[in-house]
Amino acid sequence: MTTVSPTPDTTPVAPPPTAPHIVTAQTTPPASMRLRELAFGAACAAAVRAAARLGVADALDETPASAAELALVVDAEPAPLRRLLRALCCYGIFSETADGKFVHTEMSRLLREDDPNSLKYISLWCTEPWTWEVWPRLDDAVRSGTSVFPETFGKGFFEYLHQDAGESAQVFNRAMTTSSVQSAQDVADLLDLTGVSSVADIGGGQGHVLASLLEKHPTVHGTLLDLPGVVARADARLRDGGRLADRVRIVPGDCREDIPFQVDLYIIKNILEWDDESTRRTLRNVVAAARPGARVVIIENLVDDTPSMRFTTAMDLLLLLNVGGAKHTRESLVGRMSDAGLRVGEIHPVNAYLHAFECVVP
């Protein structure tokens, strides 16, 4: 019997349907987009300032809220407020839920006034009205190497601040107080005061660092030196009637002119950013006043400090604009200290944006 093999089926088989091609966003935007975003950086700063002034972070609690709900609390129009929040969400300041409500993020909480690490007043200080007038003249400051403030406003920065910009001066004071309070405990935790019976905070503002040290070391006595108008507002713990007052001397004066006392440890924090001559005079005055073997701890932001480079280099440029000052590199600060006669030892990080330089008077 003959068998017949089945004829192969040659009917073309349709290919399986292909999935639609989906274009996904690049993880890193192209250079052209990154530069556009940077050129619009003022929009981000303005958005942070607006949120701080409106009190949006303070109005938002732990319950997600719509722009309309928040607008009622902060006295704003819902649609523009939503636009502001949408812009801030792009930077991780607030987050939007799937149903169009807004919730806190780690950064937005820092704009709350009641947060222990609040950056509300520092954010306002960095975006005060005068900043918008000097930033566009950065090229002039780079050409001349000097502050553009006197030419722009007809007087020096601090003179202008206290005579013509009272609200800005108050923001400055609150920002500096906030920053000092937050870093004071970091400094107290870092410094070993073994063998130290007396410590002085030179140009120490309201004395928050000094107060933190004295609270941690109950046998140590302290001295606070700063301008008369500054020490008049010293931390309540240090003033008459305060719980540390019996261990404190408050000395009105200018460390660039004289340091009229001897102690075991001198602390100089965030004041060596003026012009070079003021920095040199301050350091030389410390060396002239101190006993041989006295410790000097200098605490500063550094512009070659990798974790906070964007922050410190921005501060450095603002200092150029407003007072003609500068933040230091490790090399430049060590050079100033060595020139003044200090023997420089170890360098320790205080936190993400401060370093402490241990020095000894020969």
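Two residues are in contact here when they have heavy atoms within 4.5 Å of each other. The model is predicted. By that cut-off, Ala67, Ala68, Leu70, Ala71 and Val74 of helix α4 meet Pro78, Leu81, Arg82 and Leu85 of α5. By class, the residues in this contact are eight nonpolar, no polar and one charged. The axes of α4, which covers residues 67-74, and α5 lie 9 Å apart and form an angle of about 110°. Angles of 65 to 115 degrees count as roughly perpendicular, and α4 and α5 are therefore described as roughly perpendicular to each other.

Helix α5 also takes part in covering another helix, α2. The buried residues of α2 are covered by elements including α3 (56-59), α5 (78-89) and α7 (120-125). Those buried in α2 are Cys44, Ala47, Val48, Arg49, Ala51 and Ala52. An α-helix has 3.6 residues a turn, so residues three or four places apart point the same way. Helix α2 itself runs over residues 41-54, 14 residues in total, and spans 20 Å from its first C-alpha to its last, close to the 20 Å expected at 1.5 Å a residue. After α2 comes Gly55, with a positive phi near 80°.

Is Phe357 buried or exposed? Its relative accessible area is 0%, so Phe357 is buried. Leaving aside residues up to four places away in sequence, Phe357 touches Val296, Val297, Ile298, Leu302, Arg330, Leu333, Val334, Met337, Glu346 and Ile347. Phe357 and Glu300 are 57 residues apart in sequence, while their C-alpha atoms are 8.4 Å apart in space.

Technical notes
Residues are numbered from 1 along each chain as its sequence is written. This is a predicted model: local features need pLDDT of at least 70, side-chain atom pairs count only at pLDDT 80 or more; totals for chains, interfaces and linings use all residues. Side-chain values use heavy atoms; hydrogens and water are left out. Helices (H or I, at least four residues) and strands (E, at least two) are DSSP runs, numbered from the N terminus. The expected span of a helix is 1.5 Å times one less than its number of residues. Buried means under 20% relative accessible area, exposed over 50%, partly exposed in between (1.4 Å probe, protein chains only). Axes are lines fitted to C-alpha atoms, for helices over the stretch in contact, and angles run from 0 to 180 degrees between N-to-C directions. Angles under 35 degrees count as roughly parallel, over 145 as roughly antiparallel, 65 to 115 as roughly perpendicular and the rest as oblique. Ala, Val, Leu, Ile, Met, Phe, Trp, Tyr, Cys and Pro count as nonpolar, Asp, Glu, Lys and Arg as charged, and the others, Gly among them, as polar.
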